[in-house]
Amino acid sequence: MNNTKKVGRPKKFNESQALQAATEVFWSKGYDGASLKDLTEAMGINGPSLYATYGDKESLFLQSVTHYMANSNCTPLEAFEQQTQIAVAVRSFFEAIIQYTTEHAGGTRGCFLSSCVSTCAETIAGVKPLLQHAIQESENRLVTRFEQAKQAGELPQDFPSAQRARLMFDLRQGPVFRARAGLSAPVIRADIDYWVHMVLSSSQ
């Protein structure tokens, strides 16, 4: 009697790479605009493999969101955290937003969460908690950098870190919207000095 267990056929695709490909399709076409044909072609798999590995389209979308959140360090936040002077850090944050909203090709401009995922918050179960987590994580990183600047003496001790973090998070959506409307980088960049002033103003 042969007790050797049958070994399943190995998957012929990298699941992480396939999720990244799916993310880019959703990002450029939106959830409703992304067809199963679009997704399977980009992922390099067939329909049965997609369903066997990721479930239906809605499940694939949620997994794409989770994958994006786990693997995207968010360029504007990185720019903000890496600068040693807080005024330069705030400016770098906005510069990075303008750059990635006006220069990225293929429809994947701006932030995947704000440009695509947020539009599905009311229609796909599970999206809202993911968005809420992403917002809180982003604001926490902004607050941490402001607190470091306070400790370094760059900002007054009564600087409202949490409120300004929320202001920065909200201000980031404006350049994305303007870029999608076709405004150029120089036009959007014209207000950076004022944004920086608003964020760092000592008045409460």
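This is a predicted model: local features need pLDDT of at least 70, side-chain atom pairs count only at pLDDT 80 or more; totals for chains, interfaces and linings use all residues.
The secondary structure of the protein consists of twelve helices and zero strands. Read from the N terminus, the order of elements is accordingly α-α-α-α-α-α-α-α-α-α-α-α. The protein has 204 residues, of which 41% count as buried. Contacts across the sequence were also examined. Among those between residues at least 6 apart in sequence, 68% join residues at least 24 apart.

Two helix pairs were considered in detail. Two packed helices are described by the angle between their axes and the distance between the axes. For helices α5 and α6, the axes come within 7 Å and cross at roughly 160°. Because an angle over 145 degrees counts as roughly antiparallel, α5 is roughly antiparallel to α6. The crossing of α5 past α6 is right-handed. On the α5 side, the contact is made by T75, P76, L77, A79 and F80. The α6 side contributes I86, A89, V90, S92, F93, A96, I97 and Y100. Sorted by class, this contact between α5 and α6 contains eleven nonpolar and two polar residues, and no charged residues.

The second pair is formed by helix α9, spanning residues 161-171, and helix α10, spanning residues 173-180. Their axes lie 4 Å apart, and the packing angle is about 5°. Because angles under 35 degrees count as roughly parallel, α9 is roughly parallel to α10. Helix α9 takes part in the contact through F169, D170 and L171, and helix α10 through Q173, G174 and P175. By class, three nonpolar, two polar and one charged residues make up the contact of α9 with α10.

With a relative accessibility of 53%, E41 counts as exposed. K37 is exposed as well, with a relative accessible area of 55%. Both assignments follow because residues over 50% count as exposed.

In another salt bridge, K29 is paired with D38, and the closest N and O atoms are 3.2 Å apart. K29 has a relative accessible area of 46% and is partly exposed. This class applies because the value falls between the limits of 20% for buried and 50% for exposed residues.

H67 is located in helix α4, which covers residues 57-71. Its relative accessibility of 9% means that H67 counts as buried. Leaving out residues up to four places away in sequence, H67 touches S16, L19, Q20 and T23.

S161 lies in helix α9, the helix described above in its packing with α10. S161 counts as buried, at 4% relative accessibility. When neighbours within four places in sequence are set aside, the residues in contact with S161 are V143, F146, E147 and K150.

E103 is placed in the loop between α6 (86-102) and α7 (112-115). In sequence, E103 and S184 are 81 residues apart, while in space their C-alpha atoms are separated by 9.9 Å.

Key. Residues are numbered from 1 along each chain as its sequence is written. Side-chain values use heavy atoms; hydrogens and water are left out. Helices (H or I, at least four residues) and strands (E, at least two) are DSSP runs, numbered from the N terminus. Buried means under 20% relative accessible area, exposed over 50%, partly exposed in between (1.4 Å probe, protein chains only). Contact means heavy atoms within 4.5 Å. Axes are lines fitted to C-alpha atoms, for helices over the stretch in contact, and angles run from 0 to 180 degrees between N-to-C directions. Angles under 35 degrees count as roughly parallel, over 145 as roughly antiparallel, 65 to 115 as roughly perpendicular and the rest as oblique. Ala, Val, Leu, Ile, Met, Phe, Trp, Tyr, Cys and Pro count as nonpolar, Asp, Glu, Lys and Arg as charged, and the others, Gly among them, as polar. A salt bridge is a side-chain nitrogen of Lys or Arg within 4 Å of a carboxyl oxygen of Asp or Glu. A crossing is left-handed if the near helix is turned anticlockwise from the far one by less than a right angle, and right-handed if clockwise.
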